[in-house]
Amino acid sequence: MKIGIVTDSTADIPAWFLEEYKIHVIPVIIVLDGKEYVDGITITREEFYNRLPALKTPPTTAAPSIGDFSASYETLLSQGCEHVVSIHIAGTLTTMLNVARQAAKEFEGKVTCVDSGSLSLGIGFQVLAAAEAADFGLQAVLDAIQSNRRRLQVAAALDTMEYLRRGGRVPAVVARLGGALSIKPVVELIEGVVKPVSAVRTTRQADERMLDLLLRQGKLERLAVMHTNAERRARLLLDGAMARSPQAMPREILFSNVTAVIGAHLGPNAVGFAAVRK
């Protein structure tokens with residue numbers, strides 16, 4: 001059975017992986033000062049982060065249309081795929097999964113929509129696991145996704161909680177972490193829910209906490225270090241992990257300035273990782 005794979009632009013998958021595995025990516029919409037942009041097409045990540053501090057109103061995001069999803073499903077099925085697996089950002093964070101499921105109804109059981117429970121390369125690694133298993137049939141793909149998800153940790157150290165608070169998609173207990181004295185919150189995304197890990201007073205302390213969380217994972221099968229226009233900070237996190245536990249690191253490590261859609265909710269100067277244990 002030939003399986004087609006679809007995801008959305010929040011997955012942050014590098015272009016060469018998309019091309020190798022013929023993964024379809026549906027771009028998300030981002031709204032800046034009342035004007036809509038198509039993620040990664042009509043606005044780049046660098047342009048977004050450069051504009052972010054000067055925006056008059058907080059950026060917002062919107063899911064693609066049902067038609068956008070339908071078009072990707074139709075394309076893959078017309079190219080000989082017998083089934084499509086569509087993997088998306090956590091349903092607790094956006095309506096995108098619901099839109100995908102509405103589109104899937106048009107295709108009479110030929111499309112399976114999967115809630116990744118994650119974001120950025122936390123989604124991306126599930127997509128890659130699915131793509132690698134695609135030659136072995138639908139059940140193999142779903143099993144690969146679940147195996148990856150069970151071994152996944154996604155965590156981030158934010159420079160501010162303000163952007164998450166504005167979006168209204170963070171529990172009050174987490175929002176309060178960053179409410180006073182310039183606290184730097186460290187959070188984890190577990191099954192689509194943002195949960196507090198710790199709250200420290202300096203960026204350096206936050207970075208040390210992130211490094212500790214990463215090294216606790218033990219030997220890794222996959223690793224991505226991610227940031228929101230904070231490359232130097234992210235490089236220091238990766239360098240620290242490589243220096244202290246090189247034997248635990250995978251051969252290939254991804255490094256990503258995350259998509260504007262996620263940056264709109266995390267704010268600038270955040271650093272994080274997505275790690276899959278061996």
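Visitor: Let's begin with serine 118. How do you know that serine 118 counts as buried?
Guide: One thing to keep in mind is that this is a predicted model. Serine 118 has a relative accessibility of 1%, and buried means under 20%, so serine 118 counts as buried. The residue is found in the loop between β7 (111–115) and α5 (121–133).

Visitor: Which residues does serine 118 touch, not counting those up to four places away in sequence?
Guide: Serine 118 touches Ile89, Ala90, Ile123, Gln126, Leu152, Val154 and Leu189.

Visitor: Why are α3 and α4 called oblique to each other?
Guide: Their axes cross at roughly 55°. Roughly parallel would need an angle under 35 degrees, and roughly perpendicular begins at 65, so an angle between those limits counts as oblique. Therefore α3 and α4 are oblique to each other. The crossing is right-handed, and the axes come within 8 Å.

Visitor: Which residues make the contact between α3 and α4?
Guide: From α3 come Ile66, Phe69, Ser70 and Tyr73, while α4 (residues 96–104) brings Met96, Val99, Ala100, Gln102, Ala103 and Ala104. By class, that contact has eight nonpolar, two polar and no charged residues.

Visitor: How many aromatic pairs are found in the whole structure?
Guide: The search finds four. One of them is phenylalanine 69 with tyrosine 73, whose centres are 6.4 Å apart, with 45° between the planes.

Visitor: What separates phenylalanine 69 and tyrosine 73 in helix α3?
Guide: About one helical turn, because the two are four residues apart in the helix. Phenylalanine 69 has 0% relative accessibility and so counts as buried; tyrosine 73, also at 0%, counts as buried too.

Visitor: Why is the pair of tyrosine 73 and phenylalanine 107 called edge-to-face?
Guide: Their ring planes stand at 85°, with centres 5.9 Å apart. Edge-to-face calls for over 60 degrees, so this pair is edge-to-face. Phenylalanine 107 lies in the loop between α4 and β7, so the pair ties together parts that are 34 residues apart in sequence. Ring pairs link Phe69, Tyr73 and Phe107 into a cluster.

Methods
Residues are numbered from 1 along each chain as its sequence is written. This is a predicted model: local features need pLDDT of at least 70, side-chain atom pairs count only at pLDDT 80 or more; totals for chains, interfaces and linings use all residues. Side-chain values use heavy atoms; hydrogens and water are left out. Buried means under 20% relative accessible area, exposed over 50%, partly exposed in between (1.4 Å probe, protein chains only). Contact means heavy atoms within 4.5 Å. Axes are lines fitted to C-alpha atoms, for helices over the stretch in contact, and angles run from 0 to 180 degrees between N-to-C directions. Angles under 35 degrees count as roughly parallel, over 145 as roughly antiparallel, 65 to 115 as roughly perpendicular and the rest as oblique. A crossing is left-handed if the near helix is turned anticlockwise from the far one by less than a right angle, and right-handed if clockwise. Ala, Val, Leu, Ile, Met, Phe, Trp, Tyr, Cys and Pro count as nonpolar, Asp, Glu, Lys and Arg as charged, and the others, Gly among them, as polar. Rings of Phe, Tyr and Trp (its six-membered ring) pair if their centres lie within 6.5 Å; planes under 30 degrees apart count as stacked, over 60 as edge-to-face and the rest as tilted.
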